[in-house]
Amino acid sequence: MVSRLVLLNLWVVILLCNSATSVWCLNYTKYRQVGDLRLSRIQKHLETLNKPPVLSIQSLDGDIIDCVHKRKQPALDHPLLKNHKIQKIRPKIPKVMSSMVKQEEGGKSTNISESDGYIRRGAWQMWHQGGQRCPKGTVPVRRSTVHDVLRANSLYDFGKKRRSSVPLARRADAPDVVSGNGHEHAIAYTGTSSEIYGAKATINVWDPKIEVINEFSLSQIWVLSGSFDGSDLNSIEAGWQVSPELYGDSRPRLFTYWTTNSRIAIGAAISPLSEFQGSQFDVTIVIWKDPKLGNWWMGFGDNTLVGYWPAELFTHLADRATMVEWGGEVVNSRANGQHTSTEMGSGHFAEEGFGKSSYFRNLEVVDSDNSLISVRDISTLAENTNCYNIKSGSNNQWGTYFYYGGPGRNPECQ
């Protein structure tokens with residue numbers, strides 16, 4: 001049923017915006033009439049969503065980060081979590097990951113030369129630059145505002161990822177992508193017969209340009225199980241996303257449904273970003289099912305726990321996943337009767353390679369023994385290769401990887 005798809009699409013994203021796109025930064029109270037009744041409903045909703053903080057931190061980018069007691073975080077408002085007890089036992093980390101050295105600050109990596117095939121540095125969150133941290137026992141959450149809500153189509157739509165409603169005609173083993181409503185993809189994926197208990201990748205971070213405010217561009221991991229016709233699909237999604245409708249500014253952000261970490265903030269800006277033919281930045285994300293308690297955990301960097309999706313939220317994923325996808329997705333609204341110029345990844349095609357095209361590297365899955373295994377056999381899909389494409393490969397340092405993306409509208413993409 002559709003409501004289950006909405007409830008279970010609980011995703012973790014890093015949101016990136018482009019300051020060059022002026023439509024993103026409009027103050028909506030100047031352009032839309034907001035009635036007293038609607039404003040009252042919005043404020044009432046925000047009073048419920050924004051929990052009373054133990055401490056509030058003014059980020060250098062203008063955001064307010066509220067340090068909320070972990071037992072009062074917004075995730076506990078979910079009706080399926082009414083009786084949920086927060087997991088206090090550290091999850092059993094997948095075996096290969098547990099042997100890695102924890103990176104300083106959870107996301108920063110040591111400088112590695114481009115000749116080695118790696119990025120130079122990792123990305124981290126902007127609110128840390130002021131030197132403040134949330135107290136132990138609290139979790140940092142970006143405070144939502146009236147302007148955030150006004151950018152959504154409705155109060156009901158606020159905070160929800162737009163989903164397509166028209167299924168794509170495809171093979172039975174094709175991935176869960178939907179090209180109706182203008183969604184287009186460039187992804188790699190595993191077969192549907194696999195028994196999967198998690199996935200990992202390192203994702204290059206950019207700031208793709210968005211043409212129309214109700215479009216988005218994302219790069220992420222999908223962990224999936226269920227019916228791929230959309231009737232009963234469980235999906236966990238993690239990555240970065242440019243969504244002017246959701247935040248309306250030029251800052252990259254991390255958003256997660258559930259968190260237990262006092263240093264990684266829901267909805268907070270991250271920095272820095274990759275530059276064309278310049279320094280490259282990426283983030284490592286891993287999602288896996290705790291074999292003891294069954295919750296699905298997310299790690300950031302090599303070994304920093306962000307939080308988890310409680311097992312109570314799922315039907316099919318309560319057991320295991322059957323497919324993983326990695327890659328990019330955009331919305332093409334054809335607002336002017338032609339293909340959007342919204343970019344995917346860096347906005348450059350896959351064949352341009354390192355420093356120009358965006359990449360996913362070191363693709364891995366978690367097996368039934370809670371071990372990370374490099375993915376060997378992947379399939380790729382791009383519905384319109386004149387607009388966005390993907391090219392995969394493998395080597396000793398990057399394991400299985402791919403470059404992907406594109407500019408959208410161009411002479412071959414109309």
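Visitor: Are Cys-387 and Cys-413 buried or exposed?
Guide: This is a predicted model, in which local features need pLDDT of at least 70, side-chain atom pairs count only at pLDDT 80 or more, and totals for chains, interfaces and linings use all residues. Residues are numbered from 1 along each chain as its sequence is written, and side-chain values use heavy atoms, with hydrogens and water left out. Buried means under 20% relative accessible area, exposed over 50%, and partly exposed in between, with a 1.4 Å probe and protein chains only. By that rule Cys-387 and Cys-413 are both buried.

Visitor: What is the S to S distance of the disulfide that joins Cys-387 to Cys-413?
Guide: A disulfide is a pair of cysteine sulfur atoms within 2.5 Å. For Cys-387 and Cys-413, the S to S distance is 1.9 Å.

Visitor: Is the disulfide of Cys-387 and Cys-413 left-handed or right-handed?
Guide: Take the torsion about its S-S bond, which is about 95°. That value is why the disulfide of Cys-387 and Cys-413 is right-handed.

Visitor: How many residues apart are Cys-387 and Cys-413?
Guide: Helices (H or I, at least four residues) and strands (E, at least two) are DSSP runs, numbered from the N terminus. Cys-387 sits in the loop between strand 19 (379-382) and strand 20 (389-395). Cys-413 is in the segment after strand 21 (399-405). The pair links distant parts of the chain, and the separation is 26 residues.

Visitor: How many disulfides does the count come to?
Guide: Besides Cys-387 with Cys-413, Cys-67 and Cys-134 form a disulfide, with sulfur atoms 2.0 Å apart. Counting bonded cysteines along the chain, the pattern is 1-2, 3-4. The count comes to two.

Visitor: Why is the disulfide of Cys-67 and Cys-134 left-handed?
Guide: Both cysteines are buried. The handedness follows from the torsion about their S-S bond, so the disulfide is left-handed because that torsion is about -80°.

Visitor: Which parts does the pair Cys-67 and Cys-134 tie together?
Guide: The pair ties together parts that are 67 residues apart in sequence. Cys-67 lies in strand 3 (residues 64-69), and Cys-134 lies in the loop between strand 5 (124-125) and strand 6 (138-142).

Visitor: What is the volume of the second largest cavity?
Guide: On a 1 Å grid over the protein atoms alone, a cavity is a set of points where a 1.4 Å probe fits but cannot get out, and lining residues have an atom within 4 Å of a point. Strand 3 and strand 6 each supply at least two residues of this lining, which includes Asp-66, Val-68, Val-141 and Arg-142. Grid points are joined across faces, edges and corners, and a volume is the space filled by probe spheres set on the points. For the second largest cavity that comes to about 50 Å³.

Visitor: Why is strand 13 (residues 281-289) largely enclosed by the rest of the structure?
Guide: Phe-281, Val-283, Ile-285, Ile-287 and Lys-289 point one way from strand 13, while Asp-282, Thr-284, Val-286 and Trp-288 point the other way. Strand 13 is largely enclosed because nine of its nine residues are buried.

Visitor: In strand 14 (residues 296-300), what is the bridge partner of Ile-287?
Guide: Strand 13 is joined antiparallel to strand 8 (residues 198-204) by seven bridges. Five bridges join strand 13 to strand 14, also antiparallel. The two form a hairpin with six residues between them. In strand 14, Ile-287 is bridged to Met-298.

Visitor: To which side chain does a polar contact of 2.6 Å join His-84?
Guide: His-84 is found in the loop between strand 3 and helix 3 (95-98). His-84 is buried, at a relative accessible area of 12%. A polar contact is a pair of N or O atoms within 3.5 Å; within protein, one must be able to donate a hydrogen and the other to accept it, and residues adjacent in sequence count only if both atoms are side-chain atoms. The partner of His-84 is Glu-312.

Technical notes
Two strands pair if DSSP finds at least two bridges between them. On a 1 Å grid over the protein atoms alone, a cavity is a set of points where a 1.4 Å probe fits but cannot get out, and a pocket is an open set with protein on both sides within 12 Å along at least five of seven lines; lining residues have an atom within 4 Å of a point.
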